[in-house]
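This report covers helix packing and a few backbone features of one model. The sequence and structure come first.

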Amino acid sequence: MLSRVLLTLIILLVNTSYASAQLSPEQKIAKDKGLELYNQLKAISAVPFLTVAAEAGDHEAQYFLAESLRTKNHYMTTEAKHWYEAAAGQGDLYAMIQLGRNKNDICDIKNDCPTNQTKSIDWLNQARDLAKPKADDGDAEAMFVMYELTLENEWLEKSASAGFALAQYWMAVGYKQGNGFSLPWKRTEATEKWFKASAEGGYPKSMMEY
């Protein structure tokens, strides 16, 4: 599941009550260029551009900068963790999930983290507390976040049915890999249905698959 977050070409962040920084035109251009490079799987090249917007306080840039640094180094570096925490502090649920899944923090392993440091489990609980009410109210992306947190297929199906393109993509992938229907042509129909819906929702990987 971690790779689903790390390799996503488009991740539309869940709306929260937290506000992100207003970027200047130059900072916005740098952010857009950084996201473009990241989406082209050029994480290393994206770093300097995303850094401009991240340092200005943009939570989305902070999250993708952390992703880029993590991809570049193949593990959660101190710098990557810093930017995940900056994004999570602004209510970025995907950053919270990444922090919650980080099993490499020595103090977590030894259970002697500083009292002012949020533990992995607390990040996951915070993400759940923010996403669950929205999911219960029918927010399609919040439902997908609940799927990421619980791995319960019911949340994935609800999110896909509510129109979230990323959830629709993973529904299609599941059917393509043999989940669901026992009859091959039924799986093929379901696969095409969800890839089509996701592609129409603007998700690039589904566009290529469809």
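## Positive phi in the loops

His74 lies in the loop between helix 4 and helix 5 (78–88); helices here are DSSP runs of H or I of at least four residues, numbered from the N terminus. The model is predicted: local features need pLDDT of at least 70, side-chain atom pairs count only at pLDDT 80 or more, and totals for chains, interfaces and linings use all residues. Residue numbers start from 1 along each chain as its sequence is written, and side-chain values use heavy atoms, with hydrogens and water left out.

Most residues other than glycine have a negative phi. His74 has a positive phi, near 70°. With a relative accessible area of 72%, His74 is exposed (exposed means over 50%, buried under 20% and partly exposed in between, with a 1.4 Å probe and protein chains only). Leu151, in the loop between helix 9 and helix 10, is not a glycine either, and its phi is positive at about 60°. Leu151 is partly exposed, at a relative accessible area of 49%. Gly163, which follows helix 10, also has a positive phi, near 105°.

## Helix pairs

Two packed helices are described by the angle between their axes and the distance between the axes. The axes are lines fitted to C-alpha atoms over the stretch in contact, and angles run from 0 to 180 degrees between N-to-C directions.

| Pair | Axis distance | Angle |
|---|---|---|
| Helix 2 (residues 25–39) and helix 3 | 7 Å | about 155° |
| Helix 3 (residues 43–55) and helix 4 (residues 59–73) | within 9 Å | roughly 150° |
| Helix 6 (residues 93–101) and helix 9 | within 11 Å | roughly 0° |

The angle between helix 2 and helix 3 is about 155°, which makes the two roughly antiparallel (angles over 145 degrees count as roughly antiparallel, under 35 as roughly parallel). Helix 2 passes helix 3 in a left-handed crossing, meaning that the near helix is turned anticlockwise from the far one by less than a right angle. The contact (heavy atoms within 4.5 Å) takes in Ala30, Gly34 and Leu37, among others, from helix 2, and residues including Ala46, Phe49 and Ala53 from helix 3. By class, this contact has ten nonpolar, three polar and two charged residues. Ala, Val, Leu, Ile, Met, Phe, Trp, Tyr, Cys and Pro count as nonpolar, Asp, Glu, Lys and Arg as charged, and the others, Gly among them, as polar.

The axes of helix 3 and helix 4 cross at roughly 150°, so helix 3 is roughly antiparallel to helix 4. The crossing of helix 3 past helix 4 is left-handed. Among the residues that meet are Ile44, Val47 and Leu50 in helix 3 and Phe64, Leu65 and Leu69 in helix 4. This contact divides into eleven nonpolar, four polar and one charged residue.

Helix 6 and helix 9 have axes that cross at roughly 0°, which makes helix 6 roughly parallel to helix 9. Leu93, Tyr94, Ile97 and Arg101 in helix 6 meet Glu141, Phe144, Val145, Glu148 and Leu149 in helix 9. The classes in this contact are six nonpolar, no polar and three charged.

## The buried face of helix 10

Which residues of helix 10 (residues 153–161) are buried? They are Trp155, Leu156, Ser159 and Ala160. Seen down the axis of helix 10, these buried residues fall within an arc of 130°, so they line one face of the helix; the arc is that of the directions from the helix axis to the C-beta atoms. Their cover includes helix 8 (120–136), helix 9 (140–150), helix 11 (165–176) and helix 12 (184–200).

Methods: Parallel < 35°, antiparallel > 145°, perpendicular 65-115°, else oblique.
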